[in-house]
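Welcome! Please take a moment to look over the sequence and the model below, and then let us walk through them together.

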Amino acid sequence: MSSLRHHRVIIASLFLPNTAVLGDSAPPTPDESGLQTPGFANPGSRQPLLGRTAGPLRSIVEDLRDKTRNPTPSMTPRGESANPFASFPGPTLPSGNTLTGAATAAAESLIDALSNKLTGGGSKTPGASGGASPASNGGRQYQTTHHGSSAGQPRVQRRASRSSGQRTKSRSLSSSRLDPSSHSQKFHFVSNPHCNGGLKNAVESVGDRLKRKLWVGTLGTNTDGFRESLRRSMEWRMREERDSVPVWIPDSEFASCYDEFCHQVLWPALHYAVPDAPKTKSFYESAAFKQYVAVNQRFADAIVASYQEGDIIWINDYHLMLLPQMLRDRLPGAPIGFFMHVAFPSSEIFRCLSMREDLLKGVLGADLIGFQTANYARHFRQTVSRILAAEALPKGIQLEHRFIDVGVFPMGIDVGSLTQKKRDPEVSEWVNSLRQRYAGMKLIVGRDKLDVIQGVRQKILAFEAFLDKYPEYQGKVVLIQVALQTTEENEAQGGVADVVSHLNSRFSTLTYQPVVFLHTQDLTFNQYLALLTVADAFMVTSLREGMALRAHEFVECQEKRHRPLILSEFTGSYSFSGFRSCIPINPWDKRGTAKAIHQALTMSDQEATSRWEDLHNHVVTQTAQAFVTSFLVRCLRSNLEHMQSDAISVADLDVSRVLPRYRHSQKRLLLIDFEGTLWQRDMRTIARNAGVAESPSFEPPKEAIDVLNKLAEDPKNEVWLLSGLPVKGSLEIVAEKASNVGIVAENGCFIKPRPDRGGKANWISMVANFNLTWKAPCLEILQYFTERTPGSFIEEREASVVWRFWTEKTVEDHASDWQWARRQAAEAQNHIFDSLGERYGLRIIPGSTSFLVLPNNISRSTAVGAILHPGGPARSAAHSVSWLAPEATEDTDTEFDFVFAVGKDEKLMRRLNELDNAETCSTGVKGTDAKWKLDPDQVLPALQRIAETK
C-alpha cells in the first residue's frame, strides 16, 4: 500500500458517495467515519410514517452520533416514535388494495396492542398502527426506492416509475424534485442513497493509507434547473470538502442512459435475464445506447480535466464500460483500472447484445480489468476471444499492440468498522425488543431488491412450500424481508406482491403474519444489525449476483449465536471455498430450498458453530481493505509493465553495437525463429503437408540454410532454429541440410539436438508423458467447421493441431468470406476451449489466418529453458532426461557468455531479458519486450554480417 501514497486515485462511479441538498443544514457532526450504508433510515429524525416533517436525509453516522449524546430510555430504544417492528406492512397488489381482509386487520390491531405493551405506554404510537395504513389514501403500501434530498414526503406520495412515460420533466432518483426556484441557493451535503455502498465503504476502510483520492460521478438528483452560479459553487465545495467532482448530465439524457439502457438492457443481460417478446426489440435495438455513449463521454471530459500526472484512474461497474477506451485515447500513458461489481455472463448471453463489440472494446482500454470471481473473469476472456477474435490467455487478453491484465479481486466488508457498530448500545436495545416481540418464534431474514434477478419471488414460493411440507412450523416462523431500491418497472416484473398476498392470505391468523416487509428508508442501520443478530437464518436466493456482501454482514453479526446461512449457488460469494460451509440452494428448486430452510432451523449448535467458523475465517480474510489494496497495486504494476513494453522506445537492431560482445565471447547461444523471420509462410506448401492435393512440397530457402550452416561452423556457437512446423515433411528436411543446427519443432513439442560424437541426433519428445487423447475430439470439432468454411483445412501435427481458416492472399476481394471465416474461427476456438481446454489443459494461440491448439505447459520458451539447463541437449552429449522436468525449464541460469535471440515469441524475449548477457530482437509488429526490433526482410543480412565476424 505504501506504493500508493505517491499517487492520487480518481474513482469514477455513476453516483458520488455524497450528494448536495438545497437548503440550510443541521450543525455538522465532527469526525465522520466508520461504516455507512446508503439507503437506511436515519433514526435521529424519525417521524411517524404519515406525519413526517420536511427535512434533509442525514447519514447514518451523523444520526448515530447525535443519538449517543442523549440518555438511553429503559424500554424503547432512543425514544423513536416509529418502531418498524411494531407493525409490518407488506407489499400490496398493483392496484393498491391491501393484502388481506378482516383476519389481517385483527392481527395488526393485536400487534399494535403488543407493541404498546413493549413500549410501556397505553396509547398507540403514531403511525405505527396498521389501521392508519397508507393504502387507505389510495397509495401503495411499500416503497423500494430510497428517499433522496426531500425525505420528508409521506411514503404514499410515491413518485412514478423512472421508466414511466408519464415522467416528462424529471429523472430524479429521489422522492421529489430539487427545484432551485423554490429554495434558497444554500445547500449542504448528505450521504448519497444511490451510490455503490460496497465501494464507498471499501475506499473508506483504508483510511489514511489512501489520503489522496478524487471521486467523479453524478449527484443522483435533477440538475437541469440549477443555475450556473450554483453549479460552480457546488463544484468548488464538493472538491474542497468531499474530494469529489460532479459530472453534469442533462436530466433526459441521464434518464435514457440509466433507466432504459443500464436497467433494461445491460443489467438483465449481465445477469442471464435476456427478455422474451414483446420487449425483445427494446432490448436488442435500444436507442438509449446513444445516451449511454454521451454519459460516458461526459465522464471522460470530467476526468481528463482533473487528471494529473501520476494519478491512477479507477472505473467502476457496468454503467461506464465505454469509459476506459475513451480515456486511453486521450491519456495514453495513464494507469486505468476497470472493476465489474456485478456478474459477467457467458459469451452465449453477451453476444446477444447488438452493441457487444463497442462495450468490449471500451473495457479493453484499461490496463487491468477486475471481476468478483474466477468464473466471471473466464467468461469475459472467452467472450473477448469469441467476439473480437483476440488471444485469451489465463492472465489476460493479448491485443495487437498491448496486453490487458484480467484478474479476480473479491470484494469484502470492513469487519473492524462493522464490529464497532455492533457494540453500539442501541443495537443491544433493539435486539432485546425483537426477542420480546418474537419470543418463541423463528426468524428468517433477507435483504434484496424486489426485481427478478434477486429471486425474492422464488424465496417466497420456497417459504410457502416449507410451511406446506412442515405444517408444525405454521405460526412459529416469520420471514422478514428488507427491500432495497429498484425501479417500479423492475419491481413489477419481479412479481413479489402477488405471491406475498397469496401466502399471507393462506397462513395469517389473529396473531401471526408469515411474511413481513421492511424498507431500508424505514429501517435504521442499527435496527438492521439487530435484525441480523437475532435471526435464526439468513436467506439469499439471487438468480445471479456478483458478491452477496449482506451475507458477509450476517456472518459477523452471528459471532455469538452462529446460526446458518442459506445461500444461492449463483452468487459470487458461493464460488469461494470459505463459503461452501453455508447451506447451498438452487433458487429455482423450491422444494430443495424448503428443505434447506428446515435444515437451517433444526441444525444442531455444534454443526452450526463449525459451519460459522469456516464462514467467519473467510470473511475476515476477504476484507474491503484487501480488495482496494490488491486492485490498485495490481493496476499500477500492470500499467508500468505495459508502458515498459511499448515498442516506441525500442530501437532498430544496430549490429555494430552487438558485434563487440559477440567477438569477445567464448561460448555463444544463437536462437533464431524460422517462420516469419528466416522464411515467410507459403500457404500452398503448408496445405500439401496437411494432405491437400496438388500442393508443392516443402523446400527451405537456400539463403537461410547457408547462413545457419555458416554460423554453426564456428566452434564457439550453438545455433538453434525455433519453429512451429511439424517434424515430418518439413523440419526433417531442414535437419538434413543443416545437420549441425539444433531444432525446436511444433513450438517446443520436439527437440533435435546437435549431433553427438558419433554423428547421431535423434528427435526428443517434450510431450512424451502428456495425455494426447484430446486430439481426436479436437479434430472432430475442427472437421465440422472445415466443412462450413470454404478454403479452410486442418493441419494435424504430432502433439498439436492447427486450423487454417483463411488461405487467400488478399482480404479486400473477399470481404464477406473473410468475415465469415473469422466468425467461424472464433466459434471454433470457444467450442474447443469450453469442451476440451480445462479438461486437458490446452492452450489456444490465435493468429491472423489460423489458430494453434497445443498442451498448456509447452512453448518455445520452455524448450529454450530445457536447452539452457545444465543437463540439456545444448550442454551434454549424453542426454539426461532431468531437464525434461517442468521445474527445470524455469531455470534461467546459463554459462553462455553471449545469447542472441531473434523472433516474435514475446514470452521467450521476456525470459531471456532476465539474463545479463542476452541480446533480444523482435521481428513482430506488436509492442515488444525485446531490446531491439528488426523487419523480417533485414534478418538475413544481419545474420550474414554476424556470421562473417571472426
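**A walk through the model**

In helix α24, the residues A704, I705, V707, L708, L711 and A712 are buried. Buried means under 20% relative accessible area, exposed means over 50%, and partly exposed lies in between (1.4 Å probe, protein chains only). Helices (H or I, at least four residues) and strands (E, at least two) are DSSP runs, numbered from the N terminus. Seen down the axis of α24, the buried residues fall within an arc of 165°, so they line one face of the helix; the arc is that of the directions from the helix axis to the C-beta atoms.

Before going further, a word on the source: this is a predicted model, in which local features need pLDDT of at least 70 and side-chain atom pairs count only at pLDDT 80 or more, while totals for chains, interfaces and linings use all residues. Residues are numbered from 1 along each chain as its sequence is written, and side-chain values use heavy atoms, with hydrogens and water left out.

Back to α24. What covers its buried residues? The cover includes α22 (655-663), β19 (668-673), β20, α25 (727-737) and α30 (939-947). Here a contact means heavy atoms within 4.5 Å. On the face turned away from the buried side, α24 carries the exposed residues K702 and E713. The helix has 12 residues (702-713), which at 1.5 Å a residue should span 16 Å; its end C-alpha atoms are 17 Å apart, which agrees. The expected span is 1.5 Å times one less than the number of residues.

Helix α13 (residues 425-437) can be checked in the same manner. Its 13 residues should span 18 Å at 1.5 Å a residue, and the end C-alpha atoms, 19 Å apart, agree with that. Its buried residues are E426, V427, E429, W430, V431, S433, L434 and R437.

Now for the interior. A nonpolar core is a set of buried Ala, Val, Leu, Ile, Met, Phe, Trp, Tyr and Cys residues joined through side-chain atoms within 4.5 Å. The largest one here has 108 residues, and W314, F463 and F466 touch the most other members. Not counting residues up to four places away in sequence, F466 touches Y473, V477, A594, I597, H598 and L601. Another core, of 67 residues, lies apart from this one, with I10, L14, M326 and A366 among its members.

Leaving aside neighbours within four places in sequence, the contacts of K752 include W720, A735, G742 and W763.

Charged pairs come next. The structure holds 36 salt bridges, each being a side-chain nitrogen of Lys or Arg within 4 Å of a carboxyl oxygen of Asp or Glu. One of them joins E241 and R237 (3.0 Å, N to O). Both lie in helix α4 (residues 228-242), four residues apart, about one turn of the helix. E241 is partly exposed at 42% relative accessibility, and R237 is partly exposed at 22%.

Another salt bridge pairs R611 with E607, their closest N and O atoms being 3.1 Å apart. These two lie in helix α20 (residues 605-621), four residues apart. R611 is buried at 18%, whereas E607 is partly exposed at 34%.

The side chains of R754 and E718 also meet in a salt bridge (3.2 Å, N to O). This pair links distant parts of the chain, 36 residues apart: R754 is in the loop between β22 (750-752) and β23 (764-765), and E718 is in strand β20 (residues 717-722). R754 is partly exposed at 27%, while E718 is buried at 8%. Elsewhere, salt bridges that share partners join E348, R351, R386 and E827 into one network.

Finally, look at a loop residue. D317 lies between β6 (312-316) and α8 (323-330). Its phi is near 80°, a positive value in a residue other than glycine, and D317 is buried at 8%.
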